[in-house]
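This briefing concerns strand pairing and nonpolar packing in the model shown below.

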Amino acid sequence: MTISAFVQSLDISLANGLFALGAAVGSFVLMHGVLLLMRKRLSRLSEERAHRPVAEVLSRTLAHTSTLAILATSILIGLSVLDLPEPWNTRLGHLWFFTLGVQLALYLHRAIKVAARRYFRAHSHGAEDEQVSVAHTLVIWVLQTSVWAIFVLAMLSNLGINVTTFVASLGIGGIAIALAVQNILGDLFASLSIAVDKPFEVGDSISVNHFSGTVEHVGLKTTRIRALGGEQIVIANAELLRNTVYNYRRMSTRRIQFALRVNPATPPELAARVPQALGALIGKHDKLRFDRAHLKTVDQNWIEYEVVYTMLDADYTLFMDTQQAINLDALRMFEELGISTAPRPQHLLLQELQDQPAPQARAAGVRPAVPARYLTP
């Protein structure tokens, strides 16, 4: 069948054909112009801080609009105004669904890539490591694959194909695969969680469960930590996130609480002067905020003072130097006040055997009387 015979079989009048051609050309010009205006408007909005994220994603997504897609949509608009007989009218509906579906899937495909790159760039602190790059690629792949899978299923359903059984089969197969590799998938998603949420990064000093160390590498399945003793600890990502993680690198301050003990025979007048003296000698240090000093415990063995202060710098070496200086100053202060830090004297009872008991007495369980003497250190 020739093209002229095919057109005649559609029974399209000249006026209807010219109107359809004009509608196609007009819609092409209109859509192209609207697209240019939207891109210019979004370009201006992207310069404003409040609208920058959304405007950037939309602008870069629309920038990849294909001229072929606009042309195909214009032709479909022109064909829609024709008085087409069946089954061409139904087929035209399928073409509409396919064209718009493909264009929407392309938009989502591009938007996912742009948005994911922007998110990881904003949260990478200027340096993307291997784990962040792999997580970035994996997230984009999963989302884009989902978009195209949904489009294919929707297209098959629009063509009249029953996809319920197919979707159920995919679901059962997916469950079987997930059960088979659940540990690997758990570590993989834990790696994604670390990359996105960033509870710690390479170089951070962390403490987890019963070990501490510096993070050397975060992979897709395991995290490697260099322990304080020098050995390397390899732990699964899922196991790592199931425990509480203490990140010491992100400390901004350090709260210190310690105790000082003196002799319980210290007179009350001298004991009352100690908290104020401790506050004075602690407050003279830089990068330190004195909180309190109190006489906490009084018993027969010692008098205990509880001291609390806050280091405004989290550096551990600075803290140890400061604590050492405070301890030395406290010793000098106790010496100047005449307060002893020695413990309460203890009495020790010693017994000496003067004579060895006779064999008969030892057999009978008789012990000789022995003198006792008390020693006081």
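How many residues lie between β1 and β2 in their hairpin, and which residue in the turn has a positive phi? Two residues separate the strands of this hairpin, and Asn209 in the turn has a positive phi of about 60°. This is a predicted model, in which local features need pLDDT of at least 70, side-chain atom pairs count only at pLDDT 80 or more, and totals for chains, interfaces and linings use all residues. Residues are numbered from 1 along each chain as its sequence is written, and side-chain values use heavy atoms, leaving out hydrogens and water.

**Strand pairs** (at least two DSSP bridges)
- β1 (residues 205-208) pairs with β2 over four bridges, and Val208 stands opposite Phe211 in β2.
- β2 (residues 211-218) and β3 (residues 222-227) share five bridges, with His217 opposite Arg224 in β3.
- Three bridges join β1 to β5, where Tyr246 is the bridge partner of Ser207.

**Nonpolar cores** (buried Ala, Val, Leu, Ile, Met, Phe, Trp, Tyr and Cys residues joined through side-chain atoms within 4.5 Å; buried means under 20% relative accessible area, with a 1.4 Å probe and protein chains only)
- The largest core has 24 residues, and Val274, Leu278, Tyr309 and Phe334 have the most contacts inside it.
- Another core, of 12 residues, lies apart from it and includes Phe200 and Val215.

Notes
Buried means under 20% relative accessible area, exposed over 50%, partly exposed in between (1.4 Å probe, protein chains only).
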